[in-house]
Amino acid sequence: MLELGAGADILRAIGWLYIGFAAALLWACLWFPRRWWQKIVWAVAVLLVFLLPMYWRQAEKSRIVDARKARYEKGKALFDERCKTAGAKIYKTVEDVEGVLLQEVWPNSGDSDWHDPHWSNAGLPGQYGAESYIQSFIMFEHQSHPPQRGYLNTKDRGAHDWYKTLPGYAFVDVKESDGFVYRYRPVREVPPELKSMSRERLSGATARYAISFRGITANPADRDQWVAGMTVLITDTQNNEVIAEKTWYSFERGFGSKSGWRSPWLFAITCPELTEGESSRYATRFFVDQVLKPKQEN
């Protein structure tokens, strides 16, 4: 049995006192009245006084449990329905891609986002943002159990019998808030834990293939059930053709509960599942490199 200290002992003692007091009153009702009908009336009165509050409390608990169950089933049914349209649609793949263009950068998230049912990026609640998002595209991927997705690192560990290393892109072009495009490249000479990148303003042509994302807002009532969606698009900027897209949905089964110091959206389940390696942190990178194959000599 889980012990909760002195507080639990006090509550347990109060409970036994309550039961003892009720038992004493019931005994008195059956002992002191001279007539049998008086004994029955007083005994019934004592039982009603002590048992009715317990019944009401239990009925209220059952009502709450039933309401939560009904809400969960409604939310889960909605999530399952949305998941029927989730997944990747790849219309074209491209080999030996050296770099990509980020039309926008996934923003960092914080506690206020994780507690907001209308958070715009809740469709991929665990994805890293800001500099980590940019850097994910130029990092190496290390797969311990190929072809399962692995983890990202700035260091090339080479090929071995029990794992393999896959390159990222040689550069990432980023459209930033000042209106200019900046090119980021990995700096391999520094210790990998620094995760360093170089950054320079681009004056020439940008990478041909662009990556963008958009939250799914077609069904605003979904957010009442803590269901959110996100779509990532890969576009050929030469003809503005979408060559691939992928949609995810997330469902926060606790409906925003903060009990146990929860950060609600970080407990969400996602379809398609993001369970391999660091796929929950770098979902966009792990989709993009299946469409735009990084050049192996990078």
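This dialogue covers the cavities of a predicted model.

User: How is empty space inside a protein found?

Analyst: Rolling a probe the size of a water molecule over the atoms shows where empty space remains. In this structure, two cavities of 30 Å³ or more turn up.

User: How much space lies in the largest cavity?

Analyst: About 50 Å³. The second largest cavity has a volume of about 30 Å³.

User: Which residues line the largest cavity?

Analyst: Ile-216, Asn-219, Asp-222, Arg-223, Val-227, Ala-228, Gly-229 and Tyr-249. By class, four are nonpolar, two polar and two charged.

User: Which element gives the most to that lining?

Analyst: Strand S11, residues 227–236, with three residues.

User: Where does Asn-219 sit?

Analyst: Asn-219 lies in the loop between strand S10 (209–215) and S11. Both Asn-219 and Gly-229 belong to the lining of the largest cavity. Their C-alpha atoms are 9.5 Å apart, and the two residues are ten apart along the chain.

User: Why does Asn-219 count as partly exposed?

Analyst: Partly exposed is the class between buried, under 20% relative accessible area, and exposed, over 50%. Asn-219 has 32% relative accessibility, so it counts as partly exposed.

User: What lines the second largest cavity?

Analyst: Its lining is made up of Gln-135, Ile-138, Met-139, Thr-154, Pro-186, Val-187, Arg-188, Ser-196 and Met-197.

User: How do the residues of that lining divide?

Analyst: Five are nonpolar, three polar and one charged.

Notes: Residues numbered from 1 in each chain as written. Predicted model: local features only at pLDDT ≥ 70, side-chain atom pairs only at ≥ 80, totals over all residues. Heavy atoms only, no water. 1 Å grid on protein atoms, 1.4 Å probe; cavity = no way out; pocket = protein on both sides within 12 Å on 5 of 7 lines; lining within 4 Å. Points joined across faces, edges and corners; volume = space filled by probe spheres on them. Helix = DSSP H or I, 4+ residues; strand = E, 2+ residues; numbered from the N terminus. Nonpolar A, V, L, I, M, F, W, Y, C, P; charged D, E, K, R; others polar. Buried < 20%, exposed > 50% of the residue type's maximum accessible area, 1.4 Å probe, protein only.
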